[in-house]
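Thanks for asking me to look this over. My comments follow as numbered points, to be read beside the structure.

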Amino acid sequence: MSGPSSTMRDTIRDATKDAKDAVRESAQAGSAASGDIQADLEALRNDIARLASQIADIFASKGSAAWSRTKSNVQSNVEGVMSDASAKGQEAVDAVREVGDNMAGAIDESLKTRPYTTLALAVGLGFLFGATWRR
C-alpha cells in the first residue's frame with residue numbers, strides 16, 4: 001500500500017531523523033564550544049584580577065598623595081577658622097560689655113531722674129520674665 005498515509009509516514013520519519021541529526025550536531029557543537037568558553041572565562045578571570053590589582057595600586061598611590069594634601073589643607077583651614085572664631089568671639093564680648101555699660105549707665109541715669117518709674121519698669125519686667133519662666 002503506497003497511499004497517502006505511507007507517504008505521510010515516510011515524511012514524518014524523515015523529519016524525525018533530520019531533527020535527531022540536528023540535535024546530535026548541536027550537542028557536538030555545544031560540547032566543542034564549551035571547552036572554548038571555559039578557556040575564555042578563565043582568561044577573563046585572570047584579566048579582571050590583574051586589572052583589579054592595577055586599580056588598587058593606582059588608588060593606593062593617588063590616595064596617599066590626596067590624603068596628605070587634604071590633611072594639610074584641613075589643618076590650615078581649621079587654624080584659620082579658629083583664629084576667625086576667636087576674633088569674632090572677642091568682638092562679641094566687647095559688644096556685650098559695651099551694651100552692658102550703656103544699659104548700666106541708662107539705668108543709673110533713670111534711677112536719678114525718675115526713681116519710681118524705673119522701679120515700676122523693673123517690677124513689670126520681673127513679672128514678664130517670671131511668667132515666661134513658668135511655661
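1. A word on terms before we start: helices here are DSSP runs of H or I with at least four residues, numbered from the N terminus. In that scheme, helix α1 covers residues 4–113, and D101 has its place there. Please keep in mind that this is a predicted model.

2. Let me stay with D101 for a moment. Its relative accessible area is 58%, and since anything over 50% counts as exposed, D101 is exposed. D101 also belongs to a patch of negative charge on the surface, where it gathers with E91, D94 and E98.

3. How many salt bridges does a search of the whole structure find? The number is three, and I take each pair in turn below.

4. The pair R13 and D10 meets through its side chains, with a distance of 3.1 Å from N to O. These two residues are three apart in helix α1, so about one helical turn separates them. R13 counts as exposed at 52% relative accessibility, whereas D10, at 32%, counts as partly exposed.

5. R50 and D47 form another salt bridge, and here the closest N and O atoms are 2.6 Å apart. D47 counts as partly exposed, with 39% relative accessibility.

6. K112 and D108 make a salt bridge too, their closest N and O atoms being 3.9 Å apart. That value is worth a glance beside the cut-off, which asks for a side-chain nitrogen of Lys or Arg within 4 Å of a carboxyl oxygen of Asp or Glu. The spacing is four residues in helix α1, about one helical turn. K112 is exposed at 62% relative accessibility, while D108 is partly exposed at 40%.

7. Now to helix α2, residues 115–134. With 20 residues at 1.5 Å a residue, helix α2 should span 28 Å, and its end C-alpha atoms are 29 Å apart, which agrees. Is this helix buried or in the open? Of its 20 residues, the number buried is one, so α2 lies largely in the open.

8. Finally, do look at the nonpolar patch that L125, F127, L128 and F129 form on the surface. Together these residues have about 480 Å² of accessible area. One of them, F127, lies in helix α2 and is exposed, with a relative accessible area of 57%.

Methods: Residues numbered from 1 in each chain as written. Predicted model: local features only at pLDDT ≥ 70, side-chain atom pairs only at ≥ 80, totals over all residues. Heavy atoms only, no water. Patch = residues over 30% accessible without salt bridge, like charges linked within 9 Å, V, L, I, M, F, W, Y side chains within 5 Å. Areas by Shrake-Rupley, 256 points an atom, 1.4 Å probe, with all protein chains shown as cover. Lys, Arg positive; Asp, Glu negative; His and termini not counted. Charge placed at Lys NZ, Arg CZ, Asp CG, Glu CD. Buried < 20%, exposed > 50% of the residue type's maximum accessible area, 1.4 Å probe, protein only. Expected span 1.5 Å × (residues − 1).
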